[in-house]
Amino acid sequence: MSQRAVVTAGTGGIGLETAIGLAAAGYAVTVVGRNAERGTHAVQRISAMGAEARFVAADLASLDAVRALAAQLSAEGPLHVLINNVGAMFADRQQTTDQIEATFAVNHLSPYLLTELLLEPLRAGSPSRIVNVTSGSVRVAKRTFDAVEPPGGYYGFHWYGRAKLANLAYTLDLAERLRGTGISVFAADPGGAATTMTNGTMRSPKIVSPALRLLWPLVRRTFERATSGPASAAARPSLLAATDPSLNNQTGLVIGPNAHPTPPFRPSLDPQTIQAVLKLSQQLAPLTQALQ
Ligand SMILES: NC(=O)c1ccc[n+]([C@@H]2O[C@H](COP(=O)([O-])OP(=O)(O)OC[C@H]3O[C@@H](n4cnc5c(N)ncnc54)[C@H](OP(=O)(O)O)[C@@H]3O)[C@@H](O)[C@H]2O)c1
């Protein structure tokens, strides 16, 4: 029987290309997304390769939906690869149904909760791998994590970078926590690609701070250049992290846009940042829920 892989936000963009690559490597792939039509299309593309694929619907902005997804996937037995590819940037501030700021919920809390709830099937499938998709935007983040929202105004790109930084700190700490268990943990930075996310949000000056807005024509050109490539190339870091035999028995690496290990952004290793991120994550996305 084929090994099982799950790709969140696997019905479009970088996630779909990652799912196609995993299918080509012989995995039975589950793609997760909200839109059933895109899910069907993704499954058709993968099945046409002669590979096993299916779509599971879940809105990963909802913590209840993450819990339901984890329960379904756990009940199906050992899992070999989990790719937390979901990510989103919003031009305007949004709340989720859990009343949590959406950037932090989608980019960090959702992958955090799904990962923690899937550790048992990943243990059962070991040697197994977790890949969390990160971003170069971690460099523009405010590094305070005592609350969901940083002080100051809402700027989508910077808040996105901060949520990705929280997730990177969590990822590298998780790698240490799971060292020796047979579950390897990697972060993968896709670099940039022209996708729904980048085409939808990175054209608005609203997403950057007032200081960067003054330089908007230059910033916009930089964004355009950085996100002009195909999603298939941006999927390479995730695919390497998930499948490459050179990473057997390794953990805690960041795979850069050139699909090679790269030194982690230093603030993601800061013990205070890690502790604050873990505390906030445990508060907002408890692994067990009290009965109503
Ligand atoms: N593109 C870049 O330049 C770039 C650069 C650095 C990092 N990244 C990271 O790479 C990852 C993939 O990015 P991308 O550019 O491919 O994004 P994208 O184009 O927005 O991804 C589209 C996919 O995301 C799914 N999706 C979006 N919101 C969802 C939600 N709430 N619940 C479930 N599925 C959801 C969509 O499914 P439905 O339509 O069915 O909901 C679709 O499968 C993200 O983590 C992103 O932060 C991207």
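**Briefing: sheet, ring pairs and salt bridges**

Strand β7 (residues 253–255) and β8 run antiparallel and are joined by two bridges. The model is predicted, so local features need pLDDT of at least 70 and side-chain atom pairs count only at pLDDT 80 or more, while totals for chains, interfaces and linings use all residues. Residues are numbered from 1 along each chain as its sequence is written, and side-chain values use heavy atoms, with hydrogens and water left out.

**Sheet**

- Eight strands form an open sheet with mixed pairing, in the order β3-β2-β1-β4-β5-β6-β7-β8; strands (E, at least two residues) and helices (H or I, at least four) are DSSP runs, numbered from the N terminus.
- At the edges are β3 (53–57) and β8 (261–262), each of which pairs on one side only; pairing requires at least two DSSP bridges between two strands.
- In β8, T262 stands opposite V254.

**Aromatic pairs**

- The whole structure contains four aromatic pairs, counted when ring centres of Phe, Tyr or Trp (its six-membered ring) lie within 6.5 Å; planes under 30 degrees apart are stacked, over 60 edge-to-face and the rest tilted.
- Y112 and Y170 make an edge-to-face pair, because their ring centres are 5.1 Å apart and their planes are at 75°.
- Y112 belongs to helix α4 (residues 102–117) and Y170 to helix α6 (residues 156–177), so this pair ties together parts that are 58 residues apart in sequence.
- Both Y112 and Y170 are buried (under 20% relative accessible area; exposed is over 50% and partly exposed in between, with a 1.4 Å probe and protein chains only).
- Y154 and W159 are also edge-to-face, with centres 4.8 Å apart and planes at 65°, and both residues are buried.
- F157, W216 and F223 are linked into a cluster by ring pairs.

**Salt bridges**

- There are nine salt bridges in the structure, each a side-chain nitrogen of Lys or Arg within 4 Å of a carboxyl oxygen of Asp or Glu.
- One of them joins R4 to E76, with the closest N and O atoms 3.1 Å apart.
- R4 lies in strand β1 (residues 4–8) and E76 in the loop between α3 (63–75) and β4 (81–84), so the pair ties together parts that are 72 residues apart in sequence.
- R4 is buried at 13% relative accessible area, whereas E76 is partly exposed at 35%.
- A network of salt bridges links R4, R54 and E76.
- R220 and E224 form a salt bridge (3.5 Å, N to O) and are four residues apart in helix α9, about one helical turn.
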